[in-house]
Amino acid sequence: MSDGALQVSGLVRRFGSGSHARTAVDGLDLRLEPATVLTLLGPNGAGKTTTVEICEGFQRADAGEVRVLGLDPSTQGDRLRARIGVMPQGGGAYPGVRAKEMLRVIAACSANPLPTDWLLDVLGLTGCARTPFKRLSGGQQQRLALACAVIGRPELVFLDEPTAGMDPQSRRLVWELVAGLRRDGVSVLLTTHLMDEAEALADQVVIMDAGKVVAKGTPASLTARSGEAALRFRARPGMDLTALAEALPSGYHAEEPIAGSYLVRGTMNPQLLSAVTSWCAEQGVLADEVRVARRSLEDVFLDLTGRELR
């Protein structure tokens, strides 16, 4: 494998045996370039966390090859751990330890750690530095886990759902820190369910489903589709989509992906806008937040992985 911060080739991971065997990761290929952010997207059970844990050295692959900073995490973990940072789901800290004490323990194991007080301040944790982990809010626990992952100045950071349970201000702090890591030459492998997070942070996006890669590319390339755009508007939930489709020119498709949020696909022109607003007026409804927009990453995700919960 040529130089890359992380490279995965033909990765396979199975659980169980015989008729009960389940393939969680099925022939996966990934490549994370230095000083970039790679985001893994996929529905629950797609194999994202399993893939990340194999790359971190916490699970072994059944087949395939994995190299992290040029090392095999399954056999060279001792050499690798000093060079990576890991933020697992669920925080990963001891319940009774105080926030600042936890950071100091991690820093003591690092050759050139970031200043503990500075990192607490950057992540908005100074006010709870003496609070035990179990008494922190969910968002504070997530931010402390992130601080533990980056305090040792790693070359590569694994972030598994880093903003889960965070309020908007905390999410913004994390986004700024991730962008700062990239500017400093750190590579980041990130899993998330948040499409806006992927679009804001990722240099490359890989969409997984059933253990396989179903699409990959930059956010812009994934959302580009030859000439297709969408008219979006908000109105009363549950309007008759069949009647709306009949009011539109031929070749257009209408849907309500989220209650009260409507989407009309096809070639955008003034006639379409007039048809939609006129139809809404006939229903006694004001079309609000009307806008023409490109296909979103969420649209791509749902088209590739399905719109039903599994």
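**Entry 1: helices 5 and 6.** I looked up the axes of helix 5 (residues 138–150) and helix 6 (residues 168–183), which come within 11 Å and cross at roughly 10°. Helix 5 is therefore roughly parallel to helix 6 (under 35 degrees; over 145 would count as roughly antiparallel, 65 to 115 as roughly perpendicular and the rest as oblique). I take axes as lines fitted to C-alpha atoms, for helices over the stretch in contact, with angles from 0 to 180 degrees between N-to-C directions. Helices (H or I, at least four residues) and strands (E, at least two) are DSSP runs, numbered from the N terminus.

I note that this is a predicted model, in which local features need pLDDT of at least 70 and side-chain atom pairs count only at pLDDT 80 or more, while totals for chains, interfaces and linings use all residues. Residues are numbered from 1 along each chain as its sequence is written, and side-chain values use heavy atoms, with hydrogens and water left out.

I then listed the residues in contact (heavy atoms within 4.5 Å). From helix 5, Arg-143, Leu-146 and Val-150 meet Ser-170, Val-174, Leu-177 and Leu-181 of helix 6. The residues of this contact divide into five nonpolar, one polar and one charged (Ala, Val, Leu, Ile, Met, Phe, Trp, Tyr, Cys and Pro count as nonpolar, Asp, Glu, Lys and Arg as charged, and the others, Gly among them, as polar).

Entry 2: I found an open sheet of three strands in the order 2-1-4, with antiparallel pairing (two strands pair if DSSP finds at least two bridges between them). Strand 2 (22–32) and strand 4 (63–68) are the edge strands, each pairing on one side only. Strand 1 (residues 6–15) and strand 2 are joined in the antiparallel sense over eight bridges. The bridge partner of Phe-15 in strand 2 is Arg-22. Helix 1 (residues 48–56) packs on the sheet, where it touches strand 1, strand 2 and strand 4, and its direction makes about 115° with that of strand 1.

**Entry 3: helix 3.** Which residues of helix 3 (residues 99–108) are buried? They are Ala-99, Met-102, Leu-103 and Ala-107 (buried means under 20% relative accessible area, exposed over 50%, partly exposed in between, with a 1.4 Å probe and protein chains only). They lie on the same side of helix 3 because they cover an arc of only 135° around the axis, taken from the directions from the helix axis to the C-beta atoms. Their cover includes helix 4 (116–122) and helix 5.

**Entry 4: positive phi.** Leu-69 has phi near 55°, a positive value in a residue other than glycine. I located Leu-69 in the loop between strand 4 and helix 2 (77–81). Leu-69 counts as buried because its relative accessibility is 16%.
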